[in-house]
Amino acid sequence: MSALDAAHVISQLSSKAVLLDPFCGTGTIIYEAQTHGMSAIGVDNNPLACIIARGKTEPIDTRYELDMLSSAIIDASLLDNVPSMPDNPAKYFHSDTADQIMRVLKVSTKFSSYLRAAFYGSICVAARACNGWLWTSTSIGRINESLRKVDFYSTLLRKAKKHIDFMNNGPPAKIHAYDTRRIHEIIEEESVDIVYTSPPYFDALDYTGYYSKIVLEILAMDRASVREGLIQNYSTYNEDMKQALLAIDRVIHDESLVIFVVGDRKVRGKLIKGSDFFAEIAPWNHPYIVEREYTNTASRLWDKINKTKRKEQIIVWNLAKGGRRSD
Ligand SMILES: C[S@@+](CC[C@H](N)C(=O)[O-])C[C@H]1O[C@@H](n2cnc3c(N)ncnc32)[C@H](O)[C@@H]1O
């Protein structure tokens, strides 16, 4: 999800509305909604994504955060008996960099969500840097034979400083680590005015893979169980997504607006258009659909790597006009 696209859509919506992103990922939409002054609720069943989404939106005292990080780094560098990094993620780092990461991990228990998000992001940046920046920001390549030594402490300080001015101290957003198929258990029925999301799309991406895998392993979070709670398996996708849509339907009302950003996907040689798929299974009538080819977006890079040329659709259900399906 491009932040510019999210900001553009959100600028056209009422700032008094309650907005829900039921698959909020790292919180791009939630951040833009908060900037616009909306009450924003994000839900994602990947705990790592939720920490980063909170990191982007939880109000902080910026001066305090940076001071806190500087002193935490000093504490980290003085620690004794630091456990070594687990074998798999250790492959991606110079051993000195890995040691610094494990030291910061020990002191990170007192970090705010902002510092945690900066920490996890810095792990990914350090993995790229240790491998000579040969990888892209979205894909991991071959491990570099002689890993470069990277000073993790300065990488982390730089990252924390770089993003801190973007923190907007808007109305606090609520981020729930929860399964959207059961969203009605945590969000009041008929309380949401706008749903805006990019849902998980078939098995296009493993949201616990790539850089997330490295971070999950360093944090000793059980990757398999995180993965199990996510909708990313093609064979059960239809049923899972129908269930999620029905749960979303319970928390919206008769005048709500639902906006999904979806894409095309090739499954066994057959192209499935995201908007056709969602128009078919959603419990709402008469969607309005706009389509565009990826141009100048991060997704274009993704397509280049995968040798695909996909299109993206924005699908909008205006319940005041279209209403709910009776069947
Ligand atoms: C396309 S991504 C959202 C990206 C987000 N808009 C962003 O810019 O970061 C879809 C998200 O759905 C989440 N997800 C998958 N299955 C889920 C489920 N059952 N409940 C809640 N979230 C789920 C994934 O963890 C992933 O973060």
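This is a predicted model: local features need pLDDT of at least 70, side-chain atom pairs count only at pLDDT 80 or more; totals for chains, interfaces and linings use all residues.

Reply: The account below treats the helix packing pair by pair, and then the setting in which the helices lie.

Two packed helices are described by the angle between their axes and the distance between the axes.

Helix α4, residues 62-78, takes part in two of the pairs described here. With helix α8, residues 152-164, α4 packs at an angle of about 175°, the axes being 11 Å apart. Angles over 145 degrees count as roughly antiparallel, and α4 and α8 are therefore roughly antiparallel to each other. On the α4 side, T62, E65, L66, L69 and I73 make this contact, and they meet Y153, L157, A160, K161 and I164 of α8. By class, seven of these residues are nonpolar, one is polar and two are charged.

The other partner of α4 in this account is helix α6, residues 95-107. Here the axes come within 8 Å and cross at roughly 115°. The crossing of α4 with α6 is right-handed. From α4, the residues A72, D75, A76 and S77 are in contact, and from α6, R103, V104, K106 and V107. This contact comprises four nonpolar, one polar and three charged residues.

A further pair joins helix α3, residues 47-57, to helix α7, residues 113-130. Their axes come within 7 Å and cross at roughly 120°, which makes α3 oblique to α7. The crossing of this pair is left-handed. The residues that α3 supplies are L48, I51, I52, R54, G55 and K56, while α7 supplies S113, Y114, R116, A117 and Y120. Six of the residues in the contact of α3 with α7 are nonpolar, two are polar and three are charged.

The wider setting is as follows. The chain is divided into domain 1, made up of 3-56 + 170-207 + 222-322, and domain 2, which spans 62-164. The C-alpha centres of domain 1 and domain 2 lie 30 Å apart.

The model also has a ligand, and 20 residues surround it, the closest being M1, F23, G25, T28 and N45. Two elements, α2 (28-35) and β2 (39-44), each give two or more residues to this shell. The shell around the ligand holds nine nonpolar, eight polar and three charged residues.

Conventions. Residues are numbered from 1 along each chain as its sequence is written. A residue is near a molecule or strand if its C-beta atom, placed from the backbone, lies within 6 Å of it. Helices (H or I, at least four residues) and strands (E, at least two) are DSSP runs, numbered from the N terminus. Ala, Val, Leu, Ile, Met, Phe, Trp, Tyr, Cys and Pro count as nonpolar, Asp, Glu, Lys and Arg as charged, and the others, Gly among them, as polar. Axes are lines fitted to C-alpha atoms, for helices over the stretch in contact, and angles run from 0 to 180 degrees between N-to-C directions. A crossing is left-handed if the near helix is turned anticlockwise from the far one by less than a right angle, and right-handed if clockwise. Two residues are in contact if their C-beta atoms, placed from the backbone, lie within 7 Å. Domain bounds come from an automatic or database domain assignment. Angles under 35 degrees count as roughly parallel, over 145 as roughly antiparallel, 65 to 115 as roughly perpendicular and the rest as oblique.
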